[in-house]
Amino acid sequence: MGRMYCCCICDLPEAKYIEFPEPDCGKYTKLGLAQAAAAHSFLGNVRVLNLLTGITEENSWWTSDKASHTAYALGRSKLSFIAFVLSRFELSRTVPRIQVDGLLRDDFAEYYVSGQLVHAQCVSILCKMLDQAERQWTYTGIALNVFENQLVLPVEMPGRRHHHSSSTAAIPRSSDSGFWDLDDAGSKAAVVPVPSSSTPYWFTQPVDHFGSNSNTWQQQYLVNYTFYKAGGPIYLTTPGESPVGNQYIDGTHFTVLAKATNGLLVTIEHRFFGQSNPMPDLSGASLKYLTIENVLEDFASFARSAKDNPQSVFSIPVNCKSKIIFGGGSYSGNIAAWMRARYPDLIQGAWASSAIVYGRLQYYQFDQSYGRHLEALGCAQSFSQAISDADNILLSEDASAISDLQSRFGLPTTLGVRDTAGLLAALSTTYSMQAVSSTIDYVDKSVCSFFRNKTATPLEAYIASVNSVIQQNGMNQQSLVQMGDSSIGIDNYALGQVGRVWYYMACTWNGNWQIAPPSNTGLSPYRSQLLDLDYFEPNCQNKFGDSIKIPVDVQAYNSKWFDILQGASNIYYTSGSLDIWRDSTVAASTGNLLKNSPGSTIVLIQGATHVQDLRAETPDDLDSVKKARQTGDALVAKWLKL
C-alpha cells in the first residue's frame, strides 16, 4: 500500500451554498460549492478531496482550469469516509457539472449515499490519481472509498464505464473479486478483496425496545457484497434458532436471487442465539427479554439503518432507501412473514418457507405429517406397529425387559422410560427434514428400507433403523445421555444452549409440544404414548421458574401472531406436502388456515419436505421445487417494481 498525503486546505474562494433533497431519502443537505485554481500537471495531477466540518464549512468541490474534478464526501466514522467522484472532464465538454439537476439525475443520484456531512475538523485527503503523462482518462460515476488512508476503487459500478481516449493506455479494469488499491506512484493498482461474507459485523440494540431496561448489546450480522450493484435490493435473513454463519448468505436460493437482481445479502443473528446475547446468562430472569416484539424490533432497527443510513451498517456504498426482501424458512419463515405484516413500510416483501406460524398446544399432527411420508414410502403401518410393540415393553414396568430393549436400541440403560421414548422419537425422525430429490429420499434410506426386510419383525426393523442412525451420526453413550435426559441442564444458565432457548420459546410462546395422538382421535401412533403434555410442561417451571404459566396460552398467541398475517400482502408462503411441520404452516393438511390473504401467495410443494425451496439448488431437485422457486422469483421481481 502506497503512502497517502494529508493536509488541511480551508482557505478556498468564496462559496455559493445551495440546498437539494437527497434522492428518495426525504432529507435536505446543504452543500458548499466552490471553484479554485489548482496546480495541474499531466505528469502527476493532484486531486484534493476536501472533507470539511458539518454543513457550515467550506467546500467539498473544486475545479481546475484544465480539468474538473468534483467530489462529494460523507462521513462513515472519524477515520472512515466515502467519497463520490462525479467526473473529470475538459471544461469545454457539455456534461453535468456543479448543477443540482445534474446531481439528482443520471450522473450522480444512482451513487448517492444518505447520511450527514463529515463532522470533523477540516479533514482533507490528498490523493495522487492514476493520471500519467499524456493520459487523459475520464472517470464517470466512479465511487472512491477512503478508509483510514486507503483509497480503493469499487468493482464494476452498474451503468457506468471507464472512458479513455483512443491514443492513451486503457485504465486498469476493476477486479472481479475486490477493490483497486491505488499506490503512491499512481501507476499500479493492487486488488483489495471485497469483505468476506464470514466477516462479522455488530449492531447495537437495546435489551428491551419497549421497557425500562435501556442497556445495550451487540447483535452479530454477516454480509455478502459479491453481487451488489447500485440500486439492487437487500435480502435480509436470519438463521433463527441457530448461530449465524455465512452459509445463510452464500449457499441458499437467496444467493441465486441476489445474483440475478444485483442484490446484497445480510443474515442477522437472533437474540439469545450464537454470540448475540442481550444478557449474561439464560436464566428465566434474563430470557424474559426474549419476546416476539423485541425480536422483530431488532430486525426492524437494522432495516431502518440499512434504508436511512446505509453507511452505518455496510462497508461499501449502498443506496439509501433500498428495497428489502425478508426471507426465511421454518421459524425464520415466521419472522419473515411477521416482519412484512408488522413493518410493511420497511419490508417490501417476504418469502416464508415452511413458516410454523400457527401454534398448537398438543401438536400430535407433527407425527401425522411424518406418517404421510412413511405411507408414501410404504412402511407407515409397520412403523406404527413397531412403536406400539416398543410401548408394550416400556409400559410393562419390567425393569429387565426395559433394560434389554434399551440395549438392543443402543440406548443408555440409565434413562427413564419417558426419556427413552423421547430419545427414540428424536432418532427415528432424524432425517425427516432432509430434502427429497429425484434420486434419493433419506427417510426411505434411514427408515423404510429396514422395514422391507421380510425376515424381520416390525420391532426388529425399528431397532435396526435406530442403530443405523446412531452409527451414521457418530453418537456414543455420553452424547445420547445429553440428548435424551430431560433433567440435564435444568439449572445450567450458561450462554450458548440452543435447546434451552428454544424450550423457553415453546413454554412462553406457542407450545407445539410434539406428543402422541390422544386415544380418542383414532389416529395411528408414530411416537410413544408416553410422550404427552405431562412429559414436556413441568420442565417449563423447572428450568425457568414458577413465573412461567402452564399451559402456555396458545390461543392468545394465535390471536396476535397468526391473525396479524390475515390480510397482509406481498408474502409468499411455501410448504412441502411431506413437511413434518406442515400442520403449523398456513398450508395445513386440513386446508388453508389463512382465510383472508388476497395479497399473498400460498404454494404446497408436492413431494417436498421442510424448507426445500430455499436450499441450494442441485441438478436432482424435484420439478415441483423448481417450479416453486420460479414462482417466488417472479413474485420478488414484481415486489421490487412496486
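Helix H6, which covers residues 331-342, has twelve residues and reaches 16 Å from its first C-alpha to its last, close to the 16 Å expected at 1.5 Å a residue, where the expected span of a helix is 1.5 Å times one less than its number of residues. Helices (H or I, at least four residues) and strands (E, at least two) are DSSP runs, numbered from the N terminus. The structure is a predicted model, in which local features need pLDDT of at least 70 and side-chain atom pairs count only at pLDDT 80 or more, while totals for chains, interfaces and linings use all residues. Residues are numbered from 1 along each chain as its sequence is written, and side-chain values use heavy atoms, with hydrogens and water left out.

Ten of the twelve residues of H6 are buried, so the helix is largely enclosed by the rest of the structure; buried here means under 20% relative accessible area, exposed over 50%, and partly exposed in between (1.4 Å probe, protein chains only). Among the buried residues of H6 are Tyr331, Ile335, Trp338 and Arg340. The buried residues of this helix pack against helix H5 (292-308), strand S19 (324-329), strand S20 (349-353), H14, helix H17 (554-562) and strand S23 (571-576), with contact defined as heavy atoms within 4.5 Å.

In the chain as a whole, the secondary structure comes to 18 helices and 26 strands, and buried residues make up 55% of the 642 residues. Of the contacts with a separation of 6 or more, 71% are between residues 24 or more positions apart.

A nonpolar core is taken as a set of buried Ala, Val, Leu, Ile, Met, Phe, Trp, Tyr and Cys residues joined through side-chain atoms within 4.5 Å. The largest such core has 113 residues, and those with the most contacts inside it are Val266, Phe302, Phe314, Leu374 and Tyr462. The largest share of this core, eight residues, is contributed by H5. A second, separate core of 24 residues includes Ile249, Leu622, Leu635 and Trp639. When neighbours within four places in sequence are left aside, leucine 374 is in contact with Cys379, Ala380, Phe383, Val443, Val447, Cys448 and Tyr526.

Two disulfides are counted, a disulfide being a pair of cysteine sulfur atoms within 2.5 Å. One of them joins cysteine 379 to cysteine 448, with an S to S distance of 1.9 Å, and the torsion about its S-S bond is about -55°, so this disulfide is left-handed. Cysteine 379 lies in the loop between H7 and helix H8 (380-394) and cysteine 448 in helix H11 (residues 442-451), so the pair ties together parts that are 69 residues apart in sequence. Cysteine 379 is buried at 3% relative accessibility, and cysteine 448 is buried at 0%. Cysteine 507 and cysteine 540 also form a disulfide, their sulfur atoms 2.0 Å apart, and this link is left-handed, with -85° about the S-S bond. Cysteine 507 in helix H14 (residues 498-510) and cysteine 540 in helix H16 (residues 538-544) are 33 residues apart, and the pair links distant parts of the chain.

Serine 369 is found in helix H7 (residues 365-377) and is buried, with a relative accessible area of 1%. Its side chain is joined to that of arginine 372 by a polar contact of 2.9 Å, the term denoting a pair of N or O atoms within 3.5 Å, of which, within protein, one must be able to donate a hydrogen and the other to accept it, and residues adjacent in sequence count only if both atoms are side-chain atoms.
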